[in-house]
Amino acid sequence: MWRVGKEFNVNVAVRKAWDAIEALQQPTLGQLFTADPDRLGKLSARLDWPGSEDMGGAIFDWSKTHLDDDVLAAFEALADASDFAGRRAALLSGAAINVTEGRAAEHTAQRGIGAEASVEEAAEFHHRMHLLVDAIHRGALGEIRHLIHIGIGGSALGPKLAIDALARDGALVEVHVVSNIDGLALEEAFAAADPATTMVAVASKTFTTIETMTNAASALDWLKENGVVDPYGRVVALTAAPDKAVEWGVDETRVLPFSESVGGRYSLWSSIGFPIALGVGWEAFDAMLAGAHAVDVHFRDTDGRANLPLRAAFADQLYTRVRGCQTRAVFAYDERLKLFPDYLQQLEMESNGKRVTFDGEPVEGATAPITWGGVGTDGQHAVFQLLHQGTVEVPVDFIASVAPGDALDPAHHAILLTNCFAQGAALMAGGNMSADGKDPARAFPGDRPSATILCDDIDAATLGALIAFHEHRTFANAVLLGINPFDQFGVELGKKMAKDIEAGGGDFDPSTRALLEAAGLSA
Ligand code: F6P
């Protein structure tokens, strides 16, 4: 049993709603399909967005989860008690919903939904970025064939995912994303790029992150050592702290700002998306915004269980809070989305990996599960053993595309998709693989949940839509949990301790002191 907040401070309606959810019967997936012939119609829905040619979209099939009419109704009551509609309106109107930092979370304004002034400002910043991208493509800054994009966390994961997904047929400018402070990462980019035709993007919301600033300085050294007379002339800054970028030496004309109210892990829609526009073209970046916008409109205008990100959050809460699942897995059955689980890890775990409510009261019980995953079919031959026969329940999301990304024999894609669908079916059905059906080692318990997102194709609009779907799902989870998904104080203590060590101070434990000494460093 769990409780949100201190016993007497908890919103009574929220507590009652959770009690009602916990008291519900939990039939098996098989029983649920038998009990309701219209189950698929109720729990699988299609969402459309403007696609590369015409309209595109995806099927969001949550029918292989333990949601049913009763569970959905109980979660709708929880959403009402948690003022989901009010909080969603606050988010989408630019209210200061990030209470611990006293500011709004305005990523949807980048996509045209938000406070009027913020939407206008985002459009202006996009225009500025578009002009610079066009100028570089036209050769106004000389021949540019490579971009080393330096950023970390939200300033790298989105661009990295988008470039990997969308630039497979070749890029206008080759983008090398470098995040880690380990010099090997930067050296790899140096080896792949030609200094004479390379630009450097320094992407940092704060323009203070040590990894990014150290890598940026080394990239400038590399340009200089390789004959570039004015290395700063090759730098573009993507930041919400434009003054710091100018102070650091970037020419104002190549500083692309974005608003402080756009969170780091929600920032690929802002100038942090510059490498996407430069590498794959402005149209692709714009299509990502359009795909995300379509999902924003759905999220804004749809109530209750028909709201797909909210419905997904209902299932997430059912598994994490009620059934005790500590992890959730995401497997992309498409190489173009192989970095999607990495992207989701920051989005979900940095947003909802919290332990207090927005009132500062302790949350007793689980908040975000651990998000993990990979690509199919690789995962089947490595980790799916545990999903099928391990002792823990792991809800799995499958993401696939009807259209293949490859031009090989269609057999490849057919095998990919049949395997994807077979995994969901097998997890649910279970069975026994032995001849007599009795060998316990060959028994599959079944009744293991999964959801499937089947896209028409993986184009820019779809990628934008998929990311926006998960942003809203994450927000909906936070509302149901009563937590603020927009701060990330949990990253601060380790950063401070590293600084203390560097400064030669800090009071460290014997283990840490011994490790520092063994590495030739001292505290
Ligand atoms: O340390 C965590 C974090 O603040 C993330 O939230 C953020 O995406 C990342 O670091 C990078 O921050 P910045 O863009 O300011 O360099």
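Two residues are in contact here if their C-beta atoms, placed from the backbone, lie within 7 Å. The model is predicted.

**Exercise 1.** Work out how helix 1 and helix 4 are oriented and which residues join them.

*Solution.* 
1. Locate the helices. Helix 1 covers residues 12-22, and helix 4 covers residues 69-81.
2. Take the axes. They come within 8 Å and cross at roughly 165°.
3. Apply the cut-off. Angles over 145 degrees count as roughly antiparallel. Helix 1 and helix 4 are therefore roughly antiparallel to each other.
4. The crossing of helix 1 past helix 4 is left-handed.
5. List the contacts. Helix 1 supplies A13, V14, A17, W18, A20 and I21. Helix 4 answers with A74, F75, A77, L78 and A81.
6. Sort them by class. This contact holds 11 nonpolar residues, no polar ones and no charged ones.

**Exercise 2.** Describe the residues around the ligand.

*Solution.* 
1. Count the shell. There are 14 residues around the ligand.
2. Divide the shell by class.

**Exercise 3.** Decide whether the residues UniProt lists for "active site" gather at one spot or lie apart.

*Solution.* 
1. Read the record. The unreviewed UniProt entry lists E350, H381 and K495 under "active site".
2. Check sequence and space. These residues span 146 residues in sequence, and the farthest two C-alpha atoms are 37.4 Å apart, so they do not all gather at one spot.

Terms used. Residues numbered from 1 in each chain as written. Predicted model: local features only at pLDDT ≥ 70, side-chain atom pairs only at ≥ 80, totals over all residues. Axes fitted to C-alpha atoms, helices over the stretch in contact; angles between N-to-C directions. Helix = DSSP H or I, 4+ residues; strand = E, 2+ residues; numbered from the N terminus. Parallel < 35°, antiparallel > 145°, perpendicular 65-115°, else oblique. Left-handed = near helix turned anticlockwise from the far one by under 90°. Nonpolar A, V, L, I, M, F, W, Y, C, P; charged D, E, K, R; others polar. Near = placed C-beta within 6 Å. UniProt positions renumbered as here; feature names shortened; annotations may be inferred.
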